[in-house]
Amino acid sequence: MKKLVLLLILVGNVAFAQKLTKEQLIDKMSDVGCECATKQQVTKENLEITLGLCILEALNKYEKDVERHYGKNVITNDKKMEELGYDIGLKMGAKCPSVFMNMVDEESDTNGEEVVEEIPDAVLTGKISEIKSEQFLTFVVKEDSGKNNQFILLSSFDNAFLLTDKVLKVSDAVDVTYYEMDLFDAKLGKFVSFKIVTDIVKK
């Protein structure tokens, strides 16, 4: 009897330990999505179908955790499915950007070989007007002209600690080095250009 009780306790603890937080769930589902998508030949024409199937694969694998954070019957709930697709798509854009880069238009040289034009990172000067720490860290830099530019921190670099350790504050003048990447916005159902920071210097 004691062994049975102990076994039930152990099973209960394992079941409890397997419950994922929302952030852990999205992280694991994006891993499944990336693994699935990298096995496919993703093009502009089949992007929506391919990503949809990969997200469904991840959803089936973590069905119980999805129900806990997004509710039951997510597939038939357009609003919840858009929210889930957006969360996973954004995470996939950070984890496996090559999947999305496959769709960038390529130019051909005279020998018929495909050539991808490399665009150097741009630099923008202004003052920080807003910093947000949510699933991803984003911040807004206002130029002298009054134009606001939103940036997203996706990867590590030498000066990233200025953002992650909250060294930079609102109104600080900065030089931001960045590049632009088109990431799929599931809520809008299209690709949206994001400014990805690669370096930041406090002036």
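Contact means heavy atoms within 4.5 Å.

## Basis of the model

This is a predicted model, in which local features need pLDDT of at least 70 and side-chain atom pairs count only at pLDDT 80 or more, while totals for chains, interfaces and linings use all residues. Residues are numbered from 1 along each chain as its sequence is written, and side-chain values use heavy atoms, with hydrogens and water left out.

## Lys195 and its surroundings

Lys195 lies in strand 7; helices (H or I, at least four residues) and strands (E, at least two) are DSSP runs, numbered from the N terminus. Leaving aside residues up to four places away in sequence, Lys195 touches Asn149, Gln150, Phe151, Ile152, Tyr178, Tyr179 and Glu180.

Lys195 is buried, that is, under 20% relative accessible area with a 1.4 Å probe, protein chains only. Lys195 has no salt bridge (a side-chain nitrogen of Lys or Arg within 4 Å of a carboxyl oxygen of Asp or Glu). Glu180 is the nearest side chain of opposite charge, 4.0 Å away; Lys and Arg count as positive and Asp and Glu as negative, with His and the chain ends not counted.

## Strand pairing

Strand 5 and strand 7 (residues 190-202) run parallel and are joined by two bridges; strands pair if DSSP finds at least two bridges between them. Phe151 has Lys195 as its bridge partner in strand 7.

Strand 4 (residues 137-142) pairs with strand 5 (residues 148-153) in the antiparallel sense over six bridges. Opposite Thr138 stands Ile152 in strand 5. The hairpin of strand 4 and strand 5 has five residues between the strands, and Gly146 there takes a positive phi near 100 degrees.

## Helix 2

The buried residues in helix 2 include Leu25, Ile26, Met29 and Ser30.

Key: Buried < 20%, exposed > 50% of the residue type's maximum accessible area, 1.4 Å probe, protein only.
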